[in-house]
Amino acid sequence: MLLVLAAGLLQLPWVSIAAPPSVTTSGSLATIQKQRILKVGVAMNAPWVFRDSNGQWNGLEIDLVRQLAQDMKWQVQLVPTTWAHSFDDLHAHRFDILVSGLSITPQRALAVKFSHPYGDYALGLVVNRKTIGTDDVTALQRGSQHTIGVLSGTITAATAKEYLGQSHIVDLLDENQAIKDLRSGKLDGLMAEEPVPSALATTYPKQLRTLDVQTYGKTAHAFAVRRDDDDLLDVINAWLTYQQASGWLRSREDFWIHHPDWVQLTQ
């Protein structure tokens, strides 16, 4: 009876062990599948995307896109861009996907389509012990004037201007230089998403400390594609779901987000 039942099941149309049929893809995915190359736009934003001391690209999102490409049997071509020009470069087809520790906002969604978020991060503030002195966040909010650096074009830049408006807010393009300026006292503080503030304070405890700005909120990070690239977005979202379920994505996030070792790689 069991053998007869098994033979019957094998004849049912919904029971199949064959490879899925080939399908027609459109947009960037069709080109990627043909060329087997995924072009990735990268803008500096450690520890998600940065160049290490040897000039090599590194970080959490670099790990993610490399694994995505490996799983899909694509090659990765990293295309440098900047925060100021990243969306324009994406729309100009210089690359297929943008990865830069990019926070999801409804305003940005007017210009790009976001993948599922892969993580959320609290905003933080790290300050120079000598130049800030005993000032706390309340003092900064009430008008204590200091020079606070923010990465240009990010959510943290808008937040710093909203909450620390009496301070001089400096838009930064070079994160590595910003860290050096913070340690030397040229900058009094640096607002960024965690784990940046905590990692810097842990690495340089005699020079830096963090101030509690948890009330400023969190941001959710995702990849971005052009608004007409639904097929590519479907693949990215499926891959994120797959790797979140497998536990691999969490392991990479733990490596980069919960340990400050990456700070030394940037210097």
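## Overall build and the setting of Asp-63

The protein exposes about 13,800 Å², and carbon and sulfur atoms supply 53% of this area. The structure described here is a predicted model. Along the principal axes, its C-alpha atoms fill a box of roughly 80 × 45 × 35 Å.

The secondary structure consists of 12 helices and 12 strands. Of the 267 residues in the protein, 48% are buried. Among contacts with a separation of 6 or more, 73% are made by residues 24 or more positions apart.

One residue may now be considered in detail. Asp-63 belongs to helix α3, which covers residues 60-72. Is Asp-63 buried or exposed? Its relative accessibility is 14%. Because a residue counts as buried when this value is under 20%, Asp-63 is classed as buried.

Which residues does Asp-63 touch, when those up to four places away in sequence are not counted? They are Trp-248, Arg-252 and Trp-256. The side chain of Asp-63 makes polar contacts with the side chains of Arg-252 and Trp-256, as the table sets out.

| Side chain | Polar partner (side chain) | Distance |
|---|---|---|
| Asp-63 | Arg-252 | 2.8 Å |
| Asp-63 | Trp-256 | 2.8 Å |

In summary, Asp-63 is a buried residue of helix α3, and its side chain makes a polar contact with Arg-252 and another with Trp-256.

Conventions. Residues are numbered from 1 along each chain as its sequence is written. This is a predicted model: local features need pLDDT of at least 70, side-chain atom pairs count only at pLDDT 80 or more; totals for chains, interfaces and linings use all residues. Side-chain values use heavy atoms; hydrogens and water are left out. Helices (H or I, at least four residues) and strands (E, at least two) are DSSP runs, numbered from the N terminus. Buried means under 20% relative accessible area, exposed over 50%, partly exposed in between (1.4 Å probe, protein chains only). Contact means heavy atoms within 4.5 Å. Accessible areas come from the Shrake-Rupley method with a 1.4 Å probe; for residues, only the protein chains shown count as cover. A polar contact is a pair of N or O atoms within 3.5 Å; within protein, one must be able to donate a hydrogen and the other to accept it, and residues adjacent in sequence count only if both atoms are side-chain atoms.
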